[in-house]
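Thanks for asking me to look this over. Here are my notes, meant to be read with the model open beside them.

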Amino acid sequence: MTMAVDVVIVGAGATGGLAAKNLTDQGLSVVVLENGKRFQPPVDLTNSEANSKKIQWNEPRVYTGKHSVVPKAGIGVGGGTLTYLGVMPRFHKNDFKTYSTEGVGEDWPISYEDLAPYYDKVEKEFGVAGDCGPVPPEPYELPMPAHRMSWHAQVLAEGARKSGTRPFAPPIAINSMEYDGRPACIYCGWCGSGCPTDAKATSQNTYLAKAEKKGARVISEAFVHRVQYDPVQAKATGVLYKDADGNEHEIQARIVILAAHAIETPRLLLLSSCPSFPEGLANSSGTVGKYLLSHPTWMVFGTFDELVNAYKGIQMGQVMVQDFYQPNRHNDYARGYILLSYMMTPITYANLSGDFIGADYKEFLYDYPYTAAWWAHAEGLPNENNTVTLDPDVKDHRGLPVARLTTEWLENDIKLAAAARDKAAELMEASGARKIRIGLNYGAHAMGTCRMGDESASSVVNEYGQTHDINNLFICDTSVFVTGTGLNPTLTAMAIASRAADFIGEAVSKGEL
Ligand SMILES: Cc1cc2nc3c(=O)[nH]c(=O)nc-3n(C[C@H](O)[C@H](O)[C@H](O)COP(=O)(O)OP(=O)(O)OC[C@H]3O[C@@H](n4cnc5c(N)ncnc54)[C@H](O)[C@@H]3O)c2cc1C
């Protein structure tokens with residue numbers, strides 16, 4: 001099958017869905033291609049932890065390097081938002097200027113002020129509840145009030161307050177009241193397995209649903225394996241994809257947008273090498289796949305004499321501490337960290353235990369209903385050697401090389417994460433835990449790999465996600481991040497995508513694209 005449209009978007013996740021809605025509203029014909037299936041959450045994703053296997057990226061990848069990274073990627077119409085936990089804080093002003101403020105990382109070509117109107121817009125369109133907290137980038141209001149803290153969050157907040165910090169209910173994209181036609185949360189605790197009530201905002205139940213009503217087409221089980229390039233026009237001309245039966249299709253488009261997340265977007269560019277771009281499409285800088293960012297994190301568990309039943313309620317972020325986020329020159333590390341409440345369903349709890357074994361492990365499992373948990377979440381600085389490349393040996397079921405991830409934390413990352421872990425343990429003790437256990441240490445989230453910048457020699461895209469090399473090829477997912485910050489990434493990725501979509505619409509109306 002061959003089809004011709006104005007815009008083809010690869011990936012129906014957080015940013016792809018948003019771009020589809022925005023560009024459809026601007027009158028463009030849009031097709032979104034998604035590798036995963038289309039689920040009906042109330043039917044397909046009800047009350048089973050095993051569901052997360054259906055909606056988390058489940059194709060092979062190769063992990064190398066000294067430290068482990070869990071890219072936290074989704075699959076299916078809705079992408080990562082099907083399984084994410086909805087914590088949606090704004091980045092801070094100095095997050096965009098780490099080099100000028102602390103001499104580490106790099107400055108972004110955009111500032112907080114560039115994104116502020118888009119943060120505001122996305123929070124309203126998507127539906128975010130909560131407070132901006134005691135140290136926001138600027139005071140701001142969210143469209144829904146905060147959720148009442150669960151008992152788990154109250155236990156953690158009490159210790160945090162006793163220790164002199166200011167815990168608060170952070171922004172979270174789960175309805176605290178009926179909003180935009182979706183119901184209020186019933187606190188069933190299945191957020192990560194796919195919200196069965198639609199109270200959690202996903203790309204599927206917000207942007208994509210609206211885009212499809214206006215004529216956008218979302219094709220699921222469509223794996224894009226090549227972006228087509230015409231050297232005569234110096235333009236991307238569309239994409240090739242394989243359907244579930246392995247049949248080949250082509251979509252021709254004036255504009256190609258990659259929104260496949262920070263692992264699959266660079267993989268696709270590397271798979272799309274051609275005589276004009278032998279090292280990967282739009283990779284004249286050689287930076288496609290480099291500077292893979294993630295958050296160095298530790299799980300910190302505290303077990304109490306009384307039942308906590310932390311699995312009741314929203315899984316993550318019913319309480320956050322951001323008092324240690326601001327850089328402080330008295331620290332022996334740069335940047336900052338946050339603490340987030342995080343209690344998971346039983347199998348994930350068992351997996352996040354780290355290396356407890358034998359009787360210790362048995363006791364840890366037994367303690368589940370008595371246990372509270374902080375997720376200590378720090379910033380990992382950009383490192384050119386942290387990469388996504390094509391694995392030379394392992395192929396997917398289509399015969400295509402899979403992504404190979406290489407990661408190593410450097411000294412600052414390790415020190416910062418350790419400070420976050422120790423602070424979480426201190427707060428847990430102040431809450432009255434009788435036993436504190438340090439669980440898994442891993443790199444969470446995936447960002448970077450096609451970073452934005454003003455210089456075409458050292459970055460892949462400009463501030464609007466437009467590749468320096470090919471003016472009708474855009475990237476609008478978390479791969480464009482320059483630094484990872486210590487905060488959850490999705491709201492910022494969506495704000496960037498919203499700004500990129502406005503830029504594309506304007507360029508089209510001026511006849512520039
Ligand atoms: C368990 C979990 C919890 C999380 N919790 C939070 C949280 O609380 N807060 C937060 O900010 N973030 C959270 N995240 C991360 C969040 O999901 C991602 O940051 C976000 O979804 C990234 O958006 P994206 O548009 O870049 O990519 P995604 O939303 O991942 O969408 C990319 C889509 O592209 C598809 N795709 C990939 N390759 C191809 C291809 N070649 N052809 C066709 N389709 C393709 C994928 O299947 C996927 O659906 C969490 C993630 C997980 C897994």
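Which residues have the most contacts inside the largest nonpolar core?

1. Trp374 and Ala376 do, in a core of 155 residues. Please keep in mind throughout that this is a predicted model. The element giving the most to this core is H12, with nine residues. As background, nonpolar side chains in soluble globular proteins tend to be buried together.

2. Leaving aside residues up to four places away in sequence, Trp374 touches Leu156, Val300, Leu339, Leu340, Ser341, Ala424, Leu427 and Met428.

3. Next, have a look at how H12 packs against helix H5, residues 112-127. The axes of these two helices come within 8 Å and cross at roughly 110°. Angles from 65 to 115 degrees count as roughly perpendicular, and H5 and H12 are therefore roughly perpendicular to each other. On the H5 side, the contact is made by Leu115, Tyr118, Tyr119, Lys121 and Val122. H12 brings Leu491, Thr492, Met494, Ala495, Ile496, Ser498 and Arg499 to the contact. By type, the residues of this contact are eight nonpolar, two polar and two charged.

4. Now for the ligand. There are 42 residues around the ligand, and those that come nearest are Gly11, Gly13, Gly79, Gly80 and Asp477. The shell divides into 18 nonpolar, 20 polar and four charged residues.

5. Which elements each supply at least two residues of that shell? They are helix H1 (14-25), strand E6 (223-230), helix H8 (261-271) and helix H12 (490-509).

Methods
Residues numbered from 1 in each chain as written. Predicted model: local features only at pLDDT ≥ 70, side-chain atom pairs only at ≥ 80, totals over all residues. Near = placed C-beta within 6 Å. Helix = DSSP H or I, 4+ residues; strand = E, 2+ residues; numbered from the N terminus. Nonpolar A, V, L, I, M, F, W, Y, C, P; charged D, E, K, R; others polar. Core = buried A, V, L, I, M, F, W, Y, C linked by C-beta atoms within 7 Å. Buried ≥ 20, exposed ≤ 12 C-beta atoms within 10 Å, placed from the backbone. Contact = placed C-beta atoms within 7 Å. Axes fitted to C-alpha atoms, helices over the stretch in contact; angles between N-to-C directions. Parallel < 35°, antiparallel > 145°, perpendicular 65-115°, else oblique.
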